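The tour moves from one stop to the next.

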Amino acid sequence: MKGSEGMRGYKNSEELIDQIKESYHKFIDEYQGITDGVADDRIEQVEKTPREMLSYQVGWINMILSWEKMEEGGGEITTPTPGYKWDQMRELYHDFNVKYGSDGLNNEEEELKKVVTELIAWVDHMSADELFKPGERKWATTKAMWPVAKWIRINTISPFTNYSRQVRKWKNYNLRQRA
């Protein structure tokens, strides 16, 4: 299937949902013991702070859901989001941190839980073609011709998996050295 080379294959939406849930739980469980007082501490061994990683996830999932809502409503979709081009990701990620990370870690964790739940409900109601066949959504139709499932994977499962390791590493260097 064009555009899905190298992507882990999913048999169905249930398998994709199971992977979202599993990777989300591994990620969010790493936040135990991290407080607002240290969530912005930067260390050289890890590129992002725990708050930045959480904000990144909330921001990306919200963006994907907003693309879908705009398409459903017949609106014009701007990717990645109005006011940003694909070469402005650093600025967008900063804005994610300001928008989602300024109300405290607990609120941000709740927001992530909410958007993951919404994402799972959306995936659960999609047909196999909508999820796994390229070209089924205008917002997902790019030169790469990725199916929606790949957009979901690269913006949820992959970063949840990577960031859970990064948060654990951050905790090893930061929190455990303080003890």
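Is Trp-151 buried or exposed? Select Trp-151: its relative accessibility is 6%, so Trp-151 counts as buried (buried is under 20% relative accessible area, exposed over 50%, partly exposed in between, with a 1.4 Å probe and protein chains only).

Some ground rules. This is a predicted model, where local features need pLDDT of at least 70, side-chain atom pairs count only at pLDDT 80 or more, and totals for chains, interfaces and linings use all residues. Residues are numbered from 1 along each chain as its sequence is written, and side-chain values use heavy atoms, with hydrogens and water left out.

**Aromatic pairs**

Rings of Phe, Tyr and Trp (its six-membered ring) pair if their centres lie within 6.5 Å; planes under 30 degrees apart are stacked, over 60 edge-to-face, the rest tilted. By this rule there are 18 aromatic pairs. Select Tyr-56 and Tyr-93. Their ring centres are 4.9 Å apart and their planes meet at 65°, so this pair is edge-to-face. Tyr-56 sits in helix α2 (residues 50-72) and Tyr-93 in helix α3 (residues 89-101), so the pair ties together parts 37 residues apart in sequence. Helices here are DSSP runs (H or I, at least four residues), numbered from the N terminus. Tyr-56 is buried at 12% relative accessibility, while Tyr-93 is partly exposed at 22%.

Trp-67 is buried, at 2% relative accessibility.

**The core**

Next, show Leu-112 and Trp-122. In the largest nonpolar core, which has 51 residues, these two touch the most other members. Such a core is a set of buried Ala, Val, Leu, Ile, Met, Phe, Trp, Tyr and Cys residues joined through side-chain atoms within 4.5 Å. At least two residues each come from α1 (13-29), α2, α3, α4 (105-124), α5 (128-132) and α6. The largest share, ten residues, is from α2.

Stay on Trp-122. Leaving aside neighbours within four places in sequence, Trp-122 is in contact (heavy atoms within 4.5 Å) with residues including Ile-64, Leu-65, Trp-139 and Ile-152.

**Helix α6**

Colour α6 from end to end. What is the bend at Ile-154? α6 bends there by about 35°, the angle between axes fitted to the seven residues ending at a residue and the seven starting there.

Most residues other than glycine have a negative phi, and most peptide bonds are trans. Go to Pro-80, in the loop between α2 and α3. The peptide bond from Thr-79 to Pro-80 is cis, with omega near 5°. Then jump to Met-145, in the loop between α5 and α6. Met-145 is not glycine, yet its phi is positive, near 55°. Met-145 is partly exposed, at 22% relative accessibility.

**Last stop: Glu-130**

Select Glu-130, in helix α5. Glu-130 is partly exposed, at 23% relative accessibility. Its side chain reaches the backbone nitrogen of Ser-127 at 2.7 Å. Leaving aside neighbours within four places in sequence, Glu-130 is in contact with His-125, Glu-136, Arg-137 and Val-148.

Terms used: Polar contact = N/O pair within 3.5 Å; in protein donor to acceptor, adjacent residues only side chain to side chain.
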